[in-house]
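User: I have a model to go through with you. Can we take it piece by piece?
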Amino acid sequence: MAMLFFEITPDDVSAGSSTEFPDRLSLMEMRLQAQDDEITLLKSSLADALRKLRLHEQQIPLLKQQLIAVNPGAARVLNQPFCIDGFSKPCRLSASSLDGLHHPPNRHTPAENGDGSKGHPIPGLKLGSSEKSTQTEPWTPEPTRTPLALTRASKSLSLQDALPEGVPLMEEDLIKETPEEDDNEEEREKEQGWCSLVEESIKPTMVRSLQQQQSKSSDEGQGSAPHTPTSSSPAPPKEAVCSPHGGPLSPILEGKKTLTRRNSEKLSKDSQDKSKQRMPKKAASSTNLLTRSPSLEGRAKDLLSSTGAQGSRRGTQGQSIKMFIRGRPITMYIPSNIQNYEELRMDFPTEKLDLDWVYGYRGRDCRGNLYVLPSGEAVYFIACVVVLYHVTNRTQRHYRKHTDCVRCLAIHPDKVLVASGQTAGVDKDGKPLQPFVHIWDSTTLVTLQQIGLGTFERGVGSVAFSNADAGTFLCVIDESNEHMLSVWDWKKNTMVLEVKSTTEAVFAVEFSPADTSNIITCGKSHVYFWTQSAGTLTKKQGIFGKYKKPKFIMCFVFSLTGDVLTGDSEGNILTWGKSAADIKTLGKGAKETFQIMKQTRAHEGSVFTLCILQGGALLSGGGKDRRIIRWSADLAPERECEIPEKFGAVRTIANVDGEELLVGTTRNAILRGTFSDGFVAIVQGHVDEMWGLATHPSQNLFLTCGNDKQACLWNAEDHSLGWCTHLEESGLCADFSPNGSVVSIGLSTGRWLVLDVQTREVVCDLTDGNEQLSVMRYSPDGSFLAVGSHDNFIYIYSVMEGGRRYTRFGKCTGHSSFITHLDWSKDGKYIMSNSGDYEILYWDVAGGCKLLRNRFESKDREWASYTCVLGFHVMGVWLEGSDGTDINALCRSHSEKVVAVADDFCKVHLFQYPCPKPKAPSHRYDGHGSHVTNVRFTHIDSHLLSLGGKDTCILQWRVKGGGTGDSREHPTLSFPLSSSIGSSEQGSQREKETV
């Protein structure tokens with residue numbers, strides 16, 4: 001029997017650990033996120049169901065009493081006794097009343113009302129009062145079985161039939177009293193990812209004709225049932241507010257004949273108790289009545305079709321739009337002044353964006369990414385942008401042809417051309433985007449060649465131009481499992497050769513300056529010397545011999561003598577040279593090898609970078625010790641300096657003129673200076689994911705905060721960092737007070753701080769709950785501060801002494817998931833909020849932080865800001881098939897003309913405002929290499945700020961066209977009909993892509 005044995009080498013183990021583990025971890029994180037989303041959706045659905053149940057429990061007594069008040073024949077269907085004056089008695093249903101059985105006869109007398117009138121007899125009912133003061137004696141009906149006869153008219157009773165003649169039904173009643181049809185409609189459209197539906201309001205029916213039908217059916221019903229008197233008992237007391245047209249729960253305003261909706265919160269406690277006592281036995285009969293009868297909306301439409309324009313006085317006040325996200329319906333009401341929603345036309349905004357400035361530098365995880373051009377510009381990258389920053393003039397230019405994060409740079413020997421490689425990334429549908437290398441002119445920013453599209457896997461890790469032949473060839477190492485090494489004739493865009501390099505990480509690659517056929521690579525546990533001959537590449541491993549083999553070879557350079565100098569994770573600089581073949585040990589076929597000629601102790605910790613100067617001197621940068629050392633040609637130390645701890649370790653060094661240096665650090669800063677004068681930061685940025693962004697109300701200042709526990713105040717005019725302070729926890733949200741003197745910052749633990757903008761002093765330190773805060777928002781007059789938390793609450797604080805003293809005013813309770821966004825109304829009395837389960841709720845803060853259950857009443861309210869991602873005015877920003885997390889933030893301009901959107905696909909969008917229709921066109925802008933977490937306009941709408949998540953990049957966009965300034969006109973609710981009416985442009989181009 002043959003047996004197979006597989007040997008696992010250390011390289012195989014390392015490959016599995018370096019490639020498969022991140023893939024598995026990423027897959028597990030995706031599954032966990034999907035499960036979290038499903039749990040959130042289930043929680044929200046359960047909360048909705050419970051809320052509907054409570055609402056139905058409160059409304060069923062209202063429905064029955066309103067029906068009985070005007071149509072006494074309905075009591076027979078609802079199994080409830082009644083009185084002529086319209087007041088119903090509380091009662092208990094016997095089992096026989098439900099199954100139609102009758103009991104042996106017993107004595108009984110007709111019941112009398114409070115005014116002496118006798119109530120109508122109802123067969124098959126066992127009566128009893130729920131009030132302690134009025135008890136009724138049980139009775140037994142006649143022994144004969146008589147079925148309950150209902151005419152066609154009585155079977156089709158509806159709420160509108162119970163109203164007096166000429167009394168309209170309120171919109172809120174109609175919306176909330178017809179859950180059956182809405183539920184059916186939601187079920188039919190539940191699987192749709194995104195859609196909208198215009199719902200016409202239910203118009204008042206012709207009550208007079210219905211009343212005639214009901215009275216006729218009532219007579220027929222009474223004639224078919226035996227006359228069974230009831231035992232005498234006093235009637236329940238009357239309510240203080242009443243009308244001859246209705247019961248106590250449907251009051252009529254005197255003189256106006258208008259039905260006023262009575263909220264369930266306004267019912268007395270006794271009435272609620274009675275309703276709860278009657279609910280268990282009566283719910284079945286009332287539910288059968290409502291479900292078996294034609295729907296209220298269907299009856300209204302039938303009547304409207306037969307009566308023409310009657311009831312059209314409501315206009316479009318009751319119109320609403322339904323939007324579905326992940327199967328959940330979100331209802332939004334159309335403002336009163338929009339007469340023809342379907343004919344509204346969405347156009348591209350007249351304003352456009354132009355990239356003005358890029359804040360930050362990617363030094364935390366990239367190497368060899370800082371160079372100086374003869375033009376005086378420093379070349380570096382962050383996110384998808386390669387920045388050309390003129391050090392003296394303090395100006396920026398940007399190369400923006402990459403579609404995902406840039407990972408490496410190389411400068412051509414002519415010092416003009418630049419090669420930049422990017423990672424793969426994915427598109428909005430999750431499909432992988434292929435990585436490539438661009439070769440472009442740094443003077444004109446014109447792309448000359450695109451290399452390797454469809455060849456590289458995962459991304460491009462390192463690139464290098466050849467030197468001996470004036471830069472004819474380009475060497476590329478990708479980030480696949482085997483880290484494929486390829487050589488390209490870039491002008492012809494042809495690959496000369498390709499070979500697997502290693503399964504370990506590769507940090508750098510370079511051609512020998514004297515011979516294009518020699519290439520060197522270094523990385524984890526290796527330094528390889530490659531030789532090209534006959535169209536193939538052969539590699540030789542560097543031999544460490546008696547020296548300790550370091551875990552990482554971090555960097556290398558070529559000395560003027562042709563030797564190779566490497567810096568490693570042990571803090572040593574190793575000098576490599578060729579040695580003759582060791583024939584005694586390796587035999588006659590042995591070839592020359594590369595061995596260590598000298599070891600120099602340089603730094604504590606790793607040597608992160610090496611840089612050769614023109615005279616042969618060497619610069620080394622340390623990681624742990626943060627030192628920069630100048631060495632002579634024979635590696636004798638000459639000078640050294642240490643960079644401040646707040647900037648991190650030395651990542652890379654670029655020589656400017658022999659004396660002046662540029663230093664890139666691991667905390668994403670670029671320093672400029674000399675050994676004599678020290679170093680100052682010319683570029684700074686965050687080092688971890690950012691979420692918090694706030695713009696000053698009267699100056700071109702903005703504040704950012706993130707998971708790096710830093711809060712930074714920036715000046716948008718001179719593109720400088722004003723100050724940076726350390727937070728004890730991650731900063732997730734922020735907002736300036738209206739007077740601009742303080743800024744509040746919400747942290748990840750429920751704690752929030754208020755800082756003085758000038759001094760950075762903490763003037764207030766408070767905590768709400770123990771979960772992260774997601775939004776901070778001052779009211780327009782600065783008298784309140786709203787704090788939105790992941791514990792589902794909005795905490796309201798009274799603000800005094802110009803934002804320096806805070807006292808708890810109240811708490812908004814009602815969301816079933818964490819708070820994501822909120823905005824104040826212009827009068828500072830109301831709040832609109834969104835939550836993680838896609839709720840839109842409105843709150844009366846001035847009235848005691850009460851939830852406004854009738855959202856219809858808020859459709860015409862004007863908002864001081866608009867950052868809520870869900871709402872009628874921004875409904876069109878959602879793409880078809882969105883899952884609810886595709887849009888992270890949005891912001892309406894102060895002029896109320898445009899709205900900027902930050903999405904989950906690295907894009908910034910600019911839409912027309914308002915944007916209430918789906919498939920609205922937009923300008924789309926690239927630049928970020930990660931999900932865009934936040935956007936904000938400056939105080940006069942001259943610029944837009946956008947934050948990247950993992951790319952730690954802040955982009956400042958200049959707003960062009962349309963006019964900018966401190967305009968406070970409100971076009972939101974003033975659609976000019978002449979420009980709004982027309983065919984909607986639904987072209988094939990959903991967005992206008994702008995570069």
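User: Which residue in strand 10 does V387 stand opposite?
Analyst: V387 stands opposite H398. Keep in mind that this is a predicted model, where local features need pLDDT of at least 70, side-chain atom pairs count only at pLDDT 80 or more, and totals for chains, interfaces and linings use all residues. Residues are numbered from 1 along each chain as its sequence is written, and side-chain values use heavy atoms, with hydrogens and water left out.

User: How many bridges pair strand 9 with strand 10?
Analyst: Five, in the antiparallel sense, with strand 9 covering residues 385–390. Strands are DSSP runs of E, at least two residues, numbered from the N terminus; two of them pair if DSSP finds at least two bridges between them.

User: What is the strand order in that sheet?
Analyst: The order is 7-8-9-10, an open antiparallel sheet of four strands. Strand 7 (371–372) and strand 10 (395–399) are at the edges with a single partner strand each, so one side of each has no neighbour in the sheet.

User: Switching to L474: buried or exposed?
Analyst: L474 is buried (under 20% relative accessible area), at 0% relative accessibility. L474 lies in strand 16, residues 473–478.

User: What does L474 touch?
Analyst: Beyond four places in sequence, its contacts (heavy atoms within 4.5 Å) include V437, F465, W488 and F511. The C-alpha atoms of L474 and V437 are 10.0 Å apart, at a separation of 37 residues along the chain.

Definitions and conventions:
Buried means under 20% relative accessible area, exposed over 50%, partly exposed in between (1.4 Å probe, protein chains only).
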